[in-house]
Amino acid sequence: MSTFPRISLRPEVTDYLKNVFLNKEVLAAVGHQEAESRFQRLLTCLSHPPSYTCVRASTHLAPLEEIRQKLGEELKKQMCTSSEKEVSVQILPHPRIPDVLLLPVDGPRPVEQLSSEVVVGAQCGSAVLRGANVFVPGILASPKFMKAGDVVSVFSDLEGRCTRGATSFQGMRGFVGNGVAQIDRSGIFCTDVAAKGVGVRMVEPLYQSPSFDGVLPNLAFLQNLPSVVVGHVLGPLPGERILDMCAAPGGKTCHIAALMRDQGEVVALEKIKNKIDRIRQNAKMLQLNSVKVYCFNSTKAVSSNSAQEHEGPPFSAESFDRVLLDAPCSGLGQRPSMSCTWSLKELRSYQPLQRKLFHAAVQLLKKGGVIVYSTCTVTLAENEEQVAWALETFPCLTLQPQEPHIGSEGMLGAGLSPEQLRLLQRFSPELTWDQTGAAAPLPYRADRDTIGFFIAKFLKK
């Protein structure tokens, strides 16, 4: 069901994406009307959250059913009201992915807008739509005399035009629900020390889903379904040496280590220094000792000295059994995303970087090893075109089948053969948007109503 306007993009970005989704190969296969319809559905579904919450269970620490029961108990405590009404929490295991639990999202719900309004940034608004409360740093505007305890409506600033500290805002915005202020306005804006913590506790969100803040942090890890699929597609085995080239915030790194039962070595590289601690914290929380984290630019991760003896990067060529290249990308598959202010130049800046990383990945991989390339975007240039380029540039690489394969096949337009496209996995929520109702079984919805995502698996001969 469409509740929000289509994602707000710059006109040149919209035109660029339209040309991608209405390319000659697509038009020849499905016709102009269907191609146009898919593109319009894409723009609409991107501004809406998926209809479920995906939790990756730490099955290296406890059996899935035990985690499921504990999670249900914790969420019931959270959702119980003073009316002592019995709260039921539906938590279902994914039928094909052994460490995934699925929880339905209730929404959009009939929530009445109030006259007292708080405006938050677009990123904060998106987090609220997926079950979060409003944290103080995300608040841009509030009523002049707002006090802790006031009931307020929360709106997301869709175009990034609200001035921080404003008392009202009439620009383009989206209603995300009602909540109770936890702090006075003066504590948000009129202080020398940046305030932290929850600013508005959501009590009537437009989309109702559990808050996982502090809930079983070592057993239940919030992660988008396609991101969990990536770890399984990589297929790490105990005793192997694995490289995660762009590791922050560490969700996939830790998943790889967990799939290996913490037996072997997972090397995580991240070039942004302030993101390193998050990876280490996640590994420690999940009791994973096989993860080694380094602050390093992965494009320079291949050593020119084959006789080097130090432990960290750069590394000797052909020193890893498997490589995950979850590449920096334009992120146009993330949901919900009501607004993206990037220019076309910024959008197209990722392809060259991804290719530099790919060169390093191929050099660092042993013969007979596996590279998995993934992005959370929907463009051809960063996905299927990169696959076509890689196959031409590196004759040693061949595409491999993926397990599990629950997404769609690759998108037409990059000149790949039908056989090659079938080996790719593109999560395309626009293909079934508005066709998969709430009455459909949750696992069926979960495989289709995802973020936009792309996975390719290569073997180095």
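Where does Leu-216 lie? Leu-216 sits in the loop between strand 9 (198-205) and strand 10 (220-222), strands and helices here being DSSP runs numbered from the N terminus (E, at least two residues, for strands; H or I, at least four, for helices). Leu-216 is not a glycine, yet it has a positive phi of about 40°. This is a predicted model, in which local features need pLDDT of at least 70 and side-chain atom pairs count only at pLDDT 80 or more, while totals for chains, interfaces and linings use all residues. Residues are numbered from 1 along each chain as its sequence is written, and side-chain values use heavy atoms, with hydrogens and water left out.

Two cis peptide bonds are also worth a look. One runs from Ala-248 to Pro-249, with omega near 5°, and Pro-249 belongs to the loop between strand 11 (241-244) and helix 8 (251-259). Another joins Pro-313 and Pro-314, with omega about 0°; Pro-314 is found in the loop between strand 13 (291-295) and strand 14 (320-326).

On to the domains. The chain splits into domain 1 (52-104), domain 2 (117-205) and domain 3 (224-460), with bounds that come from an automatic or database domain assignment. The centres of domain 1 and domain 3, taken over C-alpha atoms, are 27 Å apart. Between them, 18 residues of domain 1 touch 25 residues of domain 3, contact meaning heavy atoms within 4.5 Å. The size of an interface is often given as the accessible area lost when the parts come together. For domain 1 and domain 3 the buried area is about 1,700 Å², with carbon and sulfur atoms giving 65% of that; the figure is the accessible area (1.4 Å probe) that the two parts lose on being put together, summed over both. Of the area that domain 1 buries against domain 3, Tyr-52, Arg-56 and His-60 supply 38%, more than any other three residues. The two domains share one salt bridge, defined as a side-chain nitrogen of Lys or Arg within 4 Å of a carboxyl oxygen of Asp or Glu. A cavity is a set of points, on a 1 Å grid over the protein atoms alone, where a 1.4 Å probe fits but cannot get out, and lining residues have an atom within 4 Å of a point. Grid points are joined across faces, edges and corners, and a volume is the space filled by probe spheres set on the points. The largest cavity has a volume of about 40 Å³. Strand 1 (52-57) and helix 7 (225-234) are the elements that give two or more residues to its lining, and strand 1 gives the most, with three. Domain 1 and domain 3 both give residues to this lining, so the largest cavity lies between them. By class, the lining has six nonpolar, three polar and two charged residues (Ala, Val, Leu, Ile, Met, Phe, Trp, Tyr, Cys and Pro count as nonpolar, Asp, Glu, Lys and Arg as charged, and the others, Gly among them, as polar).

The second largest cavity has a volume of about 30 Å³. Its lining includes Phe-21, Arg-426 and Phe-453, and divides into four nonpolar, three polar and two charged residues.

Notes: 1 Å grid on protein atoms, 1.4 Å probe; cavity = no way out; pocket = protein on both sides within 12 Å on 5 of 7 lines; lining within 4 Å.
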